[in-house]
Amino acid sequence: MISNATIGKLQKLLQGEFLPYSALGEIFRDELIAEGLLTIQVNGSRRRVRVTRSDALLTYLSNQYEEFRGMDKELIMQD
C-alpha cells in the first residue's frame, strides 16, 4: 500500500520534477532505480532523483500497486 504522501511525491516525479534522494522510502526508491524508472543526479553532496520515462513509471505503478490501477494519465499529471 502506498501512502497519500508518497502518491503526491510520485505525481511530482511524473510531472518532471526532481525530488531529494531521501524523499521516497529506501526500499521503494531502490526498487524504482533497479527497474530503471528513476535516475540519480549528484550535485556535490546532494542527490536527487528524477523519472527516466513518465509513461513507463505510470505503467509500472499501475501493474504493481492497486492505488494506481485504472487511473488516467491526465488525472495523475494534474497539480
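At what angle do the axes of H1 and H3 cross, and within what distance do they come? The axes of these two helices come within 10 Å and cross at roughly 150°, where axes are lines fitted to C-alpha atoms, for helices over the stretch in contact, and angles run from 0 to 180 degrees between N-to-C directions. This is a predicted model, in which local features need pLDDT of at least 70 and side-chain atom pairs count only at pLDDT 80 or more, while totals for chains, interfaces and linings use all residues. Residues are numbered from 1 along each chain as its sequence is written, and side-chain values use heavy atoms, with hydrogens and water left out.

**Overall layout**

- The protein has four helices and three strands, where helices (H or I, at least four residues) and strands (E, at least two) are DSSP runs numbered from the N terminus.
- Read from the N terminus on, the elements follow the order α-β-α-β-β-α-α.
- Of the 79 residues in the protein, 32% are buried, a word that means under 20% relative accessible area, whereas exposed means over 50% and partly exposed lies in between (1.4 Å probe, protein chains only).
- The protein exposes about 5,100 Å², and carbon and sulfur atoms supply 46% of that area, as computed by the Shrake-Rupley method with a 1.4 Å probe.
- Among contacts between residues at least 6 apart in sequence, 48% join residues at least 24 apart, contact meaning heavy atoms within 4.5 Å.

**The nonpolar core**

- The largest nonpolar core has 21 residues, and those with the most contacts inside it are Leu10, Leu13, Phe28, Leu32, Leu61 and Phe68; such a core is a set of buried Ala, Val, Leu, Ile, Met, Phe, Trp, Tyr and Cys residues joined through side-chain atoms within 4.5 Å.
- Two or more residues of this core come from each of helix H1 (4-14), helix H2 (26-34), strand S3 (46-51) and helix H3 (54-64), and the largest share, five residues, is given by H3.
- Phe28 touches Ile2, Thr6, Leu10, Leu61 and Tyr65, when residues up to four places away in sequence are not counted.

**How H1 meets H3**

- The two helices are roughly antiparallel to each other, because angles over 145 degrees count as roughly antiparallel, those under 35 as roughly parallel, 65 to 115 as roughly perpendicular and the rest as oblique.
- Leu10, Leu13 and Leu14 in H1 meet Ser54, Leu57, Leu58 and Leu61 in H3, and by class this contact has six nonpolar, one polar and no charged residues.

- Leu13, found in helix H1, counts as buried at 0% relative accessibility, and, leaving aside neighbours within four places in sequence, Leu13 is in contact with residues including Leu19, Leu24, Leu38 and Val49.
- Although Leu13 and Leu57 are 44 residues apart along the chain, their C-alpha atoms are separated by 9.4 Å.
- Arg29 has its place in helix H2 and is buried, with a relative accessible area of 7%; apart from residues up to four places away in sequence, Arg29 touches Tyr21, Ser22, Leu24, Leu38 and Val49.

Notes
Nonpolar A, V, L, I, M, F, W, Y, C, P; charged D, E, K, R; others polar.
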